[in-house]
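Open the model in your viewer and keep the selection tool at hand. The stops below are taken in order, each with something to select and a note on what is there.

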Amino acid sequence: MEKLKRVTLLKEERNGGRGVPDIVTIIMVQGLATLVQNVGKVGKASGTFARYYATPFLRAMGLGVLDLTIPYSWDPPYVYRALKDFAYRTGLPRAGLTSWSYKMITAYLRSGQIVTLPRGGPDLDPQVIWANVTHKCLTNKQKDIAWMTAHRCLPTRTFMYRQHLALTERCPHGCTDSEHIHHLFWECSVARRVWGLVCSSVSLSRFLPRSSLMAEGVLYGPPGGCKTTVLQLQWIINIVKQVLWETRNIKVYQKTTVDLITLRRRIQNLLQDGVMLDIHTNKTLAREKWGVDHWKELVI
Ligand SMILES: [Zn+2]
């Protein structure tokens, strides 16, 4: 078990992002959540078992009352003692949790973790940036690209060249500059044309006002987080980023230049996918968010 502890893993603290998953903690939280759940089960063997061993220490956390007519174990087996120690060590009794579910306990433990940005990151709140890059309005692919962008480990030519995996760091689209993240998503001739397309499209500029299109906002998301629907809509910037990254990969691996009409169609398809997904989840909210009744209505 010792090998699985966070400290023995390769990632150092303050090296960006949240900590790597700690298997011991995950098992402990699962055990504790199941125990609390079982204590509430009436008329079941698992409930009786849990109450017999765990009520003496759970009642100190406000999770049970002693019934003096039934027996309890005041010296529970080591598994229960380990769970008790874990709860007190992590300060859970004083956390004021409304529910002792796995999700809530994990959320509380995560909130106490040190969250940092890698060196060279922007002067923004790291919590906001990591929340932005893993926001639920993004698809998994977009999360990957946004996460690698924030970590500055997107395999652009500059990154690959530094790792001795590419012969040149020049932009594959023929620019004179090297292909770093800022260039790829912002300064590149292709990127400029795509952002121009975004600004000239009436339906896209409805979602993306010009003020939201700043280099830092494109790379790391809204500085205040994606709390409102308007801000979540602005984060469709990631669709453009995905298209730019795909275009770049087609250029590198297939030596083909993608024309602007295809780029436009790809952005539109991805947007329609997003609308379709939202409509599937909640039709009314999707209608309010996107301003359309059907995904086909969203044309750029
Ligand atoms: Zn370029």
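Select Gln268 to begin; this residue sits in helix 14, which covers residues 260-281. The model is a predicted one. Is Gln268 buried or exposed? With a relative accessible area of 17%, Gln268 falls under the 20% limit, so Gln268 counts as buried. Now show what lies around this side chain. Apart from neighbours within four places in sequence, Gln268 is in contact with Leu298, Val299 and Ile300.

Next, select residues 128-195. An unreviewed UniProt entry annotates this stretch as "domain: Reverse transcriptase zinc-binding". Colour the stretch by secondary structure: residues 128-195 are 56% helix and 0% strand. A distance drawn between the C-alpha atoms at the two ends of this stretch reads 24 Å.

Stay in this part of the model and select the zinc ion. Which protein residues are its donors? They are Cys171, Cys175 and Cys188, each through SG, and His183 through NE2. The donors lie 2.1 to 2.3 Å from the zinc ion. Along the sequence, the donor residues follow the spacing C-x3-C-x7-H-x4-C.

Turn the view around the zinc ion to look at the angles. Those among the four donor atoms run from 102 to 113°, and the site is tetrahedral. For comparison, the ideal angle for four tetrahedral donors is 109.5 degrees.

His183 has a relative accessible area of 2% and is buried. Cys175 is buried as well, at 13%.

The accessible surface of the protein is about 17,500 Å², and carbon and sulfur atoms make up 56% of it. Of the 300 residues, 40% count as buried. To end, consider the contacts between residues with a separation of 6 or more: 51% of them join residues 24 or more positions apart.

Terms used. Residues are numbered from 1 along each chain as its sequence is written. This is a predicted model: local features need pLDDT of at least 70, side-chain atom pairs count only at pLDDT 80 or more; totals for chains, interfaces and linings use all residues. Side-chain values use heavy atoms; hydrogens and water are left out. Donors are N, O and S atoms within 2.8 Å of the metal (3.2 Å for Na, K and Ca); water is not among the atoms, so sites may look incomplete. Four donors count as tetrahedral if all angles lie between 85 and 135 degrees; four count as square planar and six as octahedral if opposite donors are over 155 degrees apart and all others between 65 and 115; anything else is irregular. Buried means under 20% relative accessible area, exposed over 50%, partly exposed in between (1.4 Å probe, protein chains only). Contact means heavy atoms within 4.5 Å. Accessible areas come from the Shrake-Rupley method with a 1.4 Å probe; for residues, only the protein chains shown count as cover. Helices (H or I, at least four residues) and strands (E, at least two) are DSSP runs, numbered from the N terminus. UniProt positions are given in the numbering used here, feature names are shortened, and annotations may be inferred rather than shown by experiment.
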